[in-house]
Amino acid sequence: ANAIFWHRRDLRIDDNAGLFQALTEFQEVQPIFIFDSCILEELPKSDRRVSVIYDFIEDLNKAYQKAGASLKVYHGDPVEVFQNKVLSEFPELKKVFTNEDYEPYAKNRDEKIEAILAENGIAFQAEKDQVIWAKDDILKSSDNRPYTVFTPYFRKWKERLEKDGAYSFNVSDRLNHLAKVEYKLPNIESLGFSNQDVPLPNKEVSSDILNHYEEIRDYPAKAGTSRLSVHLRFGTISIRKLVQQAQEEGAEIFLSELAWRDFYQQILHHFPHVVNGSFRPQYDQIPWSNNEDYFKAWCEGKTGVPIVDAGMRELNETGYMHNRVRMIVASFLTKNLLIDWRWGEAYFAEKLLDFDLAANNGGWQWAAGSGTDAAPYFRVFNPLTQAEKFDPRGTYIRKWVKDMGKDSYPKKPIVDIKESRKKAIEVYKKALSGE
Ligand code: FAD
């Protein structure tokens with residue numbers, strides 16, 4: 001093979017921008033994937049997400065096999081894999097194609113690999129694939145700076161979409177340009193992990209859900225959202241095709257959620273300091289209480305606030321949590337418990353199957369008030385009224401908190417809701433006024 005296509009967050013063949021480009025320019029393209037040991041080393045053997053990625057890789061390989069080709073899978077530090085393996089295994093290599101990744105770790109890794117390849121006279125090209133508009137695609141006309149508020153960003157996002165359209169890449173026409181070589185997948189045990197049998201949602205969203213999205217998306221007991229987040233995260237579906245569907249069905253609010261995903265990706269690209277620090281730096285002055293017992297109770301779903309505990313138990317058991325409940329538990333942690341949003345962010349990162357640095361960081365900073373579109377700090381969710389409003393019959397709570405009323409369940413919330421709200425407002429006010 002004289003070209004390689006490197007899969008990362010795009011575990012599909014269909015409508016894959018970088019793969020399309022590779023197959024257009026070259027006659028013999030070898031697709032590869034690397035299980036990144038720098039990331040995997042940190043994880044427990046039973047990590048559910050690794051098992052999910054492994055399943056996606058198996059499916060991807062099957063799709064390549066149907067076209068008479070196969071996926072070559074490596075395990076190691078990607079920089080070393082290119083340096084020590086790819087270069088010697090593919091002496092005819094002219095170009096490596098991939099799709100863009102906007103996370104700081106990935107950008108840094110890609111720069112290193114691009115440099116190694118360049119030293120060997122090999123080109124490196126990354127396409128935009130996982131979002132509709134990235135990096136500098138959508139800037140403010142007034143000063144050519146990135147948007148930091150969602151509503152005007154979305155207006156422009158949509159204008160550009162209507163003008164340029166969500167095109168698709170017809171990869172299937174070019175599959176005869178894949179290298180016809182048979183590689184074997186390593187088994188999951190050889191990567192140091194075990195199969196976890198995680199049930200995954202469908203790769204499609206029905207018209208019925210899109211038509212009623214606006215009315216029922218906030219009710220966690222109802223199946224009112226697409227559940228596509230894990231597929232969007234790993235690129236097992238195409239964002240462009242999903243956007244086309246949303247446009248055709250006139251699902252405006254759903255479309256705006258997809259735009260939030262782009263929005264946070266471009267925030268991460270332009271403001272990488274958000275990875276460790278508050279988007280609004282003055283929020284780093286807040287003196288968090290960081291009570292470890294409270295944090296443990298929150299993680300385990302034992303705070304005595306049923307809606308919070310239901311959400312955390314859903315997360316612990318399934319690797320998913322409904323969006324409305326993510327907002328409630330995040331607000332409870334950062335405001336009522338006064339625990340640093342980074343603690344919650346890290347816990348979500350460990351547990352969510354759909355964990356995405358940009359969206360997760362954006363969601364947490366929003367809840368803590370330190371982020372882009374954050375509501376004023378003195379507007380604090382009351383988890384009890386949130387539950388009355390969005391889970392009026394308690395169906396969601398009862399599904400996940402089966403021991404409510406029993407001895408094992410806290411008799412009352414670990415903190416008084418009203419008192420802790422008052423305290424949070426005082427602490428925030430003082431820190432932000434610089435007193
Ligand atoms: P739907 O309502 O069907 O939305 C469709 C898609 O739009 C989602 O799959 C997702 O890709 C995107 N989307 C929806 N809402 C958002 C949003 N607020 N920000 C960015 N993208 C969005 N989403 C993640 O994908 N990964 C995360 O790690 C993540 N962490 C979050 C942490 C917090 C504290 C909060 C408040 C939200 C977080 N979200 C995250 C956003 C949102 O909760 C999930 O995307 C959504 O619940 C996934 O369910 P769904 O696929 O049924 O969503």
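In H13, the buried residues are Arg 324, Val 325, Arg 326, Ile 328, Val 329, Ala 330, Ser 331, Phe 332, Leu 333, Thr 334, Lys 335 and Asn 336. The model is predicted. The protein is divided into domain 1 (1–129), domain 2 (131–167 + 206–270) and domain 3 (275–429).

**Helix H13**

- Because 12 of its 14 residues are buried, H13 is largely enclosed by the rest of the structure.
- The cover over the buried residues of H13 includes helix H11 (292–300), helix H12 (306–318), helix H14 (341–351), H15, helix H16 (383–390) and helix H18 (417–433).
- The end C-alpha atoms of H13 are 19 Å apart, which agrees with the 20 Å that its 14 residues should span at 1.5 Å a residue.
- Just after H13 comes Leu 338, with a positive phi of about 50°.

- Leu 338 lies in the loop between H13 and H14.
- The positive phi of Leu 338, about 50°, occurs although this residue is not a glycine.
- Leu 338 counts as buried because it has 20 C-beta neighbours inside 10 Å, and 20 or more is the threshold for that class.
- Apart from neighbours within four places in sequence, the contacts of Leu 338 are Trp 288, Ser 289, Ala 424 and Val 427.
- Lys 423 is 85 residues away from Leu 338 in sequence, while their C-alpha atoms are 8.9 Å apart in space.

**Nonpolar cores**

- The largest nonpolar core has 83 residues, of which Ile 4, Ala 22, Val 29, Ile 57, Ile 307 and Val 329 touch the most other members.
- Helix H3 (residues 48–66) is the element that gives the most to this core, contributing eight residues.
- Domain 1 (1–129) and domain 3 (275–429) each supply at least three residues to this core.
- Ile 307, when neighbours within four places in sequence are left aside, is in contact with Val 325, Ile 328, Pro 383, Gln 386, Ala 387, Asp 391 and Ile 397; of these partners, Val 325 and Ile 328 are among the buried residues of H13.

**Shell around the ligand**

- The ligand has 28 residues around it, and Thr 225, Ser 226, Ser 229, Asn 360 and Gly 363 come nearest.
- Two or more residues of this shell come from each of helix H8 (229–234), helix H10 (252–270), helix H13 (323–336) and helix H15 (357–368).
- With six residues, H15 gives the most to the shell; H15 is also among the helices that cover the buried residues of H13.
- By residue class, the shell around the ligand comprises 13 nonpolar, seven polar and eight charged residues.
- Domain 2 (131–167 + 206–270) and domain 3 (275–429) each give at least three residues to the shell around the ligand.

**Domain 1 and domain 2**

- The C-alpha centres of domain 1 and domain 2 are separated by 26 Å.
- Contact between these two domains involves 13 residues of domain 1 and 13 residues of domain 2.
- On the side of domain 1 that touches domain 2, five residues are nonpolar, eight are charged and no residue is polar.

- Helix H6 (residues 150–164) has 15 residues, and the distance from its first C-alpha to its last is 20 Å, close to the 21 Å expected at 1.5 Å a residue.
- Gly 165 follows H6 and has a positive phi, near 75°.
- Lys 135 is located in the loop between strand E5 (123–127) and H6.
- The phi of Lys 135 is near 40°, a positive value in a residue other than glycine.
- Lys 135 is partly exposed, having 15 other C-beta atoms within 10 Å.
- Glu 204 is placed in the loop between H6 and helix H7 (207–216).
- Glu 204 counts as partly exposed because it has 14 C-beta neighbours inside 10 Å.
- Glu 204 and Gln 30 are 174 residues apart in sequence, and their C-alpha atoms are 29 Å apart in space.

Note on methods. Residues are numbered from 1 along each chain as its sequence is written. This is a predicted model: local features need pLDDT of at least 70, side-chain atom pairs count only at pLDDT 80 or more; totals for chains, interfaces and linings use all residues. A nonpolar core is a set of buried Ala, Val, Leu, Ile, Met, Phe, Trp, Tyr and Cys residues joined through C-beta atoms within 7 Å. Helices (H or I, at least four residues) and strands (E, at least two) are DSSP runs, numbered from the N terminus. Domain bounds come from an automatic or database domain assignment. Two residues are in contact if their C-beta atoms, placed from the backbone, lie within 7 Å. A residue is near a molecule or strand if its C-beta atom, placed from the backbone, lies within 6 Å of it. Ala, Val, Leu, Ile, Met, Phe, Trp, Tyr, Cys and Pro count as nonpolar, Asp, Glu, Lys and Arg as charged, and the others, Gly among them, as polar. The expected span of a helix is 1.5 Å times one less than its number of residues.
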